[in-house]
Every structure is written in structure tokens, then in C-alpha cells.
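Visitor: I would like to learn how to read the features of a model like this one. Please take me through them briskly.

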Amino acid sequence: MDKFHTLTQLLDNAGCQYNIFDLGRRVNEIDVSQFKAVEDNRQPYPWPLQQHAHLAISFWQPNHSPWIWFLRLPLDERGLLKQAAVGDFIKYVIEAMGATLNAEPTEEEQEKLAANPYTFKPTDDKMAIFHAQLRQQLDLPASQYYEHAQHYLSGQLDWEQWQGVGLQGLADICARMKQENNATYIRKSITNLPMTPLYALLGCLEHCPLPDTLSARINEHLDAEINSDNPDIFLVSALIRALSDSNTSLLHQALKNILDKPELCHREVLIAIAGRCWAGLSSTDIAAKFLLRLAQTEDQALFNQLFADLVMLPALRGIMLQVLHGQAEPELIAAIQKLQQHARGQ
């Protein structure tokens, strides 16, 4: 039992094939070699959320269906995996499944494995897009809801007949965007959908790389909402989240357009930007404007939480610290001083 120090050692030893996804921020596959570097503490976890790595690990033996572990593993202040937690989880696994990972756990062992402190239950939307992406990647058929959702988004049904369209079907279409004209169906449906299916579709798209034509269509919708007389904050939030994996220049411009209007910078929008669109904060100017708008909410607890989360991202750490120690507006300086006092426990 002591010879396995990492999850991939255990999986490799058992002769399993496996895929690893991040489920914390965006549903996003992690390259196995990168994850092994994380496991060896050679690099920090790339996408931490609330100082944890949220993982989905699917693994399978030849001619067997995949098992899936949903894990929430703690990180230290440097963003490195806490080895003791990994070791604890490996112990739970070996007790339930054996080191070969081909034993069928009893109901009691399954319950024990599921009840360990490192497993978590993803939200329905993340679960739907994760399963859609995994099935597409493993060349498995889409869910039973796929075809009906495709008919709906293609405009073959009345737009108001959305009640029978399943979230899993929308997720399948987003995961299979490069197939069967699905990207075109999505792009043409965006401006026709009633609000309920629109929100569901946008929620799936925030986990998918978008073709430029689709990004442009969503951005047009966002611009129209931003410039309307009475913008819907929740729709602005959903649209910017959906653009999170767009090309960098488009995402930067979309964030600038939002952050230039203080009235749009509701906490819902700012949380969406921090949680999904962190790649767009790679510009020091945009990061500074984001933190200013966050300070202007006068919600110090939210400021502290989002700043602490963003500074843990390896890609943003240098930029966040640069803003922290640079010239700033008085409101941002005040929020930073309170953040530092909080960090010192004053």
C-alpha cells in the first residue's frame, strides 16, 4: 500500500487507461504529463478554486466501462497538492477496490469510498458537459437527448417548444461542435432562443473552446445588452462567461466594454469574470480595472475572496501582485489596505 504515492502511479500500475479533467473553474481536460508534474509537486495546480483542485478522473480496464472519481483535493499556499490528502484517498481506494482496480467493490465498500472526505458532487451543468466531453472523447455515442436538442437548435421546431429539450442534449451538441453543423445551429439559434434554453446553452458553452464565428455572434448579443437602456445583469454575466474560451483579443475587448461601465459591474458579473474569464485578466490594465470595480462594490469580503482566488492562479499571480503594489485609485488602495490587514489578522 505504501508504494503508491500518486494517483497516476496507482492507475498506471493497474494497467488502466484514464483521463483527467478540472471541474473547478471550467470543465477542462488536464494533460496527463502536466498532472504528473503537479502530483510530484514540480509545479502548482494550474486552475485552483478556493485553494482546492477539483478533479474528475475517469479510468477503465480494457473492455470495461469507466469508473469516475470526483475529487476535491486541498492545496497549500503555493498551490501545490497536499501529499497527505492524496495518500489518504489512495488508502481508501485500495481498501475498496484493491491495487489492481479490477475488483468489484461491495455495496458497503462503495459507500465507504463515496463517503471519504475528498469526493464531491459536481453541479448538474458541469456534470452534463463533463459527461458530454468524455463520451465524445472516448468515441461513445451521445446521450438519448442529443437528437431532439439538435432538431430544436436547428430551428425545425417552434422556439417556444423548449420544455422537452434536455440539458444533457445541449451539452452533447456543445461537446460535438465540430460535427454535423452543430456550431452553425448554435450560432443561428442564439438570437432566437427564449431565456430559459438560452441560459442553459450559454452555461454549456462556457466550458467549450468556441469558433470565431460563434464568439462573434455571442459578443454581438453582449454588446447589444451592454448598450441597451436597461441591461439585464444576469444575461451580461451569462454571455461573458460563455466567451471565456474565445480568442484573447475578443475576450479582452469584451471585458473592457463591461468594466468601462460601473453600472454593469454588479457582484454577479464580477464573480463570473473571476470564475470563468480569468484568462482575460492577463492584461495588467484590465486586471487593475477589474479590481477597482470589485473595490467599488464596497463588499470587502468579496474583494478578499476573489483576490485570494485569483492570486493563486499561476498564470495571474505576477499580474495580481503587480497591481497590489502599483499605483492605484483611492478606492482600490483602501480595499488593498483592508485586504492586507485581514491577511495579518488585524
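Visitor: Which residues does Phe 303 touch, not counting residues up to four places away in sequence?

Guide: Contact means heavy atoms within 4.5 Å. Phe 303 touches Leu 291, Leu 294, Ala 295, Leu 332, Ala 335, Ile 336 and Leu 339, not counting residues up to four places away in sequence. This is a predicted model, where local features need pLDDT of at least 70 and side-chain atom pairs count only at pLDDT 80 or more, while totals for chains, interfaces and linings use all residues. Residues are numbered from 1 along each chain as its sequence is written, and side-chain values use heavy atoms, with hydrogens and water left out.

Visitor: Which residues touch the most other members of the largest nonpolar core?

Guide: A nonpolar core is a set of buried Ala, Val, Leu, Ile, Met, Phe, Trp, Tyr and Cys residues joined through side-chain atoms within 4.5 Å. Buried means under 20% relative accessible area, exposed over 50%, partly exposed in between (1.4 Å probe, protein chains only). The largest core here has 118 residues. Leu 55, Trp 69, Ile 186, Leu 205, Ile 240, Phe 290 and Phe 303 touch the most other members. Helix H3 (residues 83-97) gives the most to this core, with eight residues. Helices (H or I, at least four residues) and strands (E, at least two) are DSSP runs, numbered from the N terminus.

Visitor: In what order do the four strands of the open sheet lie?

Guide: Strands of a sheet pair through backbone hydrogen bonds, either parallel or antiparallel. The criterion for pairing is that DSSP finds at least two bridges between two strands. Here the order is E2-E1-E3-E4, and the pairing is antiparallel. Strand E2 (28-29) and strand E4 (67-74) are the edges, each pairing on one side only.

Visitor: How many bridges join each pair?

Guide: Eight join strand E3 (residues 52-60) to E4; there, Ala 53 stands opposite Leu 73. Six join E1 to E3, with Phe 21 partnered by Ala 56. Two join E1 and E2, and Asp 22 stands opposite Asn 28. E1 and E2 form a hairpin with five residues between them.

Visitor: Why is strand E1 described as largely enclosed?

Guide: Five of the six residues of E1 (residues 17-22) are buried, so the rest of the structure largely encloses this strand. H3 lies across E3 and E4, and runs at about 155° to E4. Axes are lines fitted to C-alpha atoms, for helices over the stretch in contact, and angles run from 0 to 180 degrees between N-to-C directions.

Visitor: Which residues of helix H8 are buried?

Guide: In H8 (residues 182-189), they are Asn 182, Ala 183, Ile 186 and Ser 189. Seen down the axis, they fall within an arc of 140°, so they line one face of the helix. That arc is taken from the directions from the helix axis to the C-beta atoms. Their cover includes helix H6 (146-153), helix H7 (167-175), helix H9 (195-205) and helix H10 (212-226).

Visitor: How many disulfides does the structure hold?

Guide: A disulfide is a covalent bond between the sulfur atoms of two cysteines. The cut-off used is a pair of cysteine sulfur atoms within 2.5 Å. The structure holds zero. Cys 174 is in no disulfide; its nearest cysteine sulfur, that of Cys 204, is 4.8 Å away. Cys 174 is buried, at 3% relative accessible area.

Visitor: Where is Asp 245?

Guide: Asp 245 is in the loop between helix H11 (233-242) and helix H12 (248-259). Asp 245 is partly exposed, with a relative accessible area of 29%. Asp 245 touches Arg 26, Cys 208, Pro 209 and Leu 210, not counting residues up to four places away in sequence.
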